[in-house]
Every structure is written in structure tokens, then in C-alpha cells.
Amino acid sequence: MARGKVVTWSLLGVIFAGYLLGVYWSVEPDRFDVKAVTQKAEQEDNLPDVTGTTITTTVITIAQTLLDKPGGFLSNDVTPPSVFLDNMPAWEFGNLELLRDTTLVMRNELSRSQSQSREDPDLKEAQPLFNVDRRSWVMPRAESEYQRGINHLKAYRARLSKTGPDKAEFYARADNLRELLRLVDKRLGSYSQRLAASVGRESLDVPEDKETAADKVATSWWQLDDVFYEARGYSWGLLHILKAAEVDFGPILENKHALVSLRQVIRELEATQQTVWSPIILNGSGFGLLANHSLVMANYISRANGAVVDLENLLDRG
């Protein structure tokens, strides 16, 4: 009988320890100062301060954060307690979507003077590596592929300050920043719609054989927190990328009188990172007793999306 109690209490202790570990691993990383991490990287690697270093360092830092935060990269874990977690893997996915978009623009736009110019060899290697399935845990292991991508980004950053045929390029032009913002615009618009669907809405569809049709579209209760934390993760990463853009594209933004609009986007994104005091993501409706966290997040993201559109229009002007 005593032996059974020991086994029971030992099992409960393991479960409780796993729970505490899961809570610790679910704590979101703190924001970082993009200028400070860039200066530190320049000092450590003896790099001069050239245009493009801040954005590249910020992308590297975001990617490294996904791998080095408490618990490491959790999306592909197949063992307890991380296999039972979903908020942090959703947060990771939001950041990963941002990394994929940003490295794509770096490869196709920021590092090339025109459409027919040569691709940067390191960005050509780095960009596909971040598209490896985040749930892949063996052959290939997602973390290993992402780390390879980080290494290629570091090599690209080191070549930004070189001279000669191996020199890397970063073209801080208005049209290049606009290409990044167009992807951001679409992402934010999608998150806004998915978050707003927490309460369900009538969606009008117009099929060929019917004049109009109305369907109720709503995010599943089981997916509410996933959508919330994915949007929160994307916003966390985007906040840093735009702060880095303020540094590398500073002269262009000032010339286009677009600096205020960029800071407006940043301000709205900072609001998405406020502390969530509730232990669960609530889905209240109307003016009821319970909050609806998804709608609050949707409000900030919609406002950021609107500011991004204004910023795009300013950059379009001559």
C-alpha cells in the first residue's frame, strides 16, 4: 500500500513539474533594442556600420530568439511537456511567417539593383531554409535548417562592408521598402479577419448558380488562442523589423515625409504586445461581462494595417 502511494505521489510530482516547465517555456521573449544588438554584433565581428546591417542583424536576432528562448524551438517537439503546448508554437509560427517574407524580399529586392541582376549567393541559400516545415523534427530537423539560414545571413552581413566582387549589396530604396510593406499589408489584413472571426460573421459569397449566399464564418473555439498568439508573434517580429527599417531607410523616409507614418505603425504594434493578464484567451461577445481578446488584438492590427497602407502611398509618391 505504501509503495502504491509513493508511485502515485511520484507521478503527480512529475506531472506538476512538467506543468511548471510548460508554463515557463510559454513565457514570450522580451523585446530587444535593434540599435543595441546591431552595435554589439558590429563590435563582436569587427564590422563597420553600413546600410543594411541593422535590418539583417534584426532578422538574425529574431531567428536566433526562436531557437534560443527557454525550451528552444517547440513547434516540432514530440515529447512532453512541449507536445501539449500550443500557444508558444503558434507564436513561433507568426515569427516564422515574418522571417519567410522578409528574407524573400531581401533575396529578390533589397540585395539586387534591378530584376536582371545576380542573386546574392548567401541570401539564395538562406531564404529556402526558413521555409522548411516547422513541424519537421528529423530529416531535416527544422532547428538545424533554420540555424543554417542564420549562418548564411551572418555571411551576407559580413560581406556588406567588403569591397570587390564578393561584396554584398543592400539597396535602401523606396520601392524596395514598399515591396516588404505589401507583404506586411496582406499578412496584417489576414490576421485582422481571422481574429474578427472569433465572434462569427455573415460572409457573403456569390457562386455562379446563385444570386447571393450567406454563410456563418467563425473561428473554432479550440483555435482562438492559436490565432491570437500567431498574430501576436508576427506583430512582435514586425515591430522590430520596422524599427530596423527606420534606421536603414531613414533618409528615404524623411525625404518622403513618411517617418511619422512608420512610427504610427510601430505604435500600434507595440499595443499588441501588452501583457495578457487572463490565463486563457477569452471570447466574450458584444458588451457582455467577458472580454474578447481576439477583437482587441484585431483592433490594433487593423489600425496598424491602415497605417501601413498610408505608408505605402507615401512611398509611391515621387
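Me: Leaving aside neighbours within four places in sequence, which residues is Phe249 in contact with?
Reply: In this predicted model, Phe249 is in contact with Ile55, Leu110, Phe170, Tyr171, Ala172, Arg173 and Leu177, once neighbours within four places in sequence are set aside.

Me: And which residues have the most contacts inside the largest nonpolar core?
Reply: Phe249 and Leu253 do, in a core of 73 residues.

Me: Which elements give two or more residues to this core?
Reply: The list is α3 (53-68), α4, α5, α6 (142-159), α7 (174-196), α8, α10 (259-271) and α11 (293-316). The most comes from α8, with twelve residues.

Me: What do nonpolar side chains tend to do in soluble globular proteins?
Reply: They tend to be buried together in proteins of that kind.

Me: Changing topic. What is the volume of the largest pocket?
Reply: Its volume is about 900 Å³. The lining has 31 residues, and those closest to the pocket's centre are Gly22, Val23, Ser26, Val27 and Asn87.

Me: Which helices supply at least two residues of that lining?
Reply: Helices α1 (2-25), α4 (87-110) and α8 (224-248) each do. Of the elements, α1 gives the most to the lining of the largest pocket, with seven residues.

Me: How do the lining residues divide into nonpolar, polar and charged?
Reply: The lining of the largest pocket has 17 nonpolar residues, eight polar and six charged.

Me: Now Gln127. Where is it found?
Reply: Gln127 is in helix α5, which covers residues 121-129.

Me: Buried or exposed?
Reply: Gln127 counts as buried, because its relative accessibility is 11% and the cut-off for buried is under 20%.

Me: What is Gln127 in contact with, leaving aside neighbours within four places in sequence?
Reply: Its contacts there are Thr103, Leu104 and Arg107.

Me: Last topic, confidence. What is the mean pLDDT of the protein chain?
Reply: The mean is 89, and 91% of the residues in the chain reach 70 or more.

Me: Where is confidence lowest, and where is it highest?
Reply: The lowest is in strand β1 (residues 201-205), at a mean of 49, while the highest is in α3, at 98. Residues 202-206 have pLDDT below 50, and in the model this stretch has 13 contacts beyond near neighbours in sequence.

Me: Where else does pLDDT stay under 50?
Reply: Over residues 210-214, pLDDT also stays under 50. For that stretch the model has nine contacts beyond four places in sequence.

How values were computed. Residues numbered from 1 in each chain as written. Predicted model: local features only at pLDDT ≥ 70, side-chain atom pairs only at ≥ 80, totals over all residues. Heavy atoms only, no water. Helix = DSSP H or I, 4+ residues; strand = E, 2+ residues; numbered from the N terminus. Buried < 20%, exposed > 50% of the residue type's maximum accessible area, 1.4 Å probe, protein only. Contact = heavy atoms within 4.5 Å. 1 Å grid on protein atoms, 1.4 Å probe; cavity = no way out; pocket = protein on both sides within 12 Å on 5 of 7 lines; lining within 4 Å. Points joined across faces, edges and corners; volume = space filled by probe spheres on them. Nonpolar A, V, L, I, M, F, W, Y, C, P; charged D, E, K, R; others polar. Core = buried A, V, L, I, M, F, W, Y, C linked by side-chain atoms within 4.5 Å. pLDDT = per-residue confidence, 0-100.
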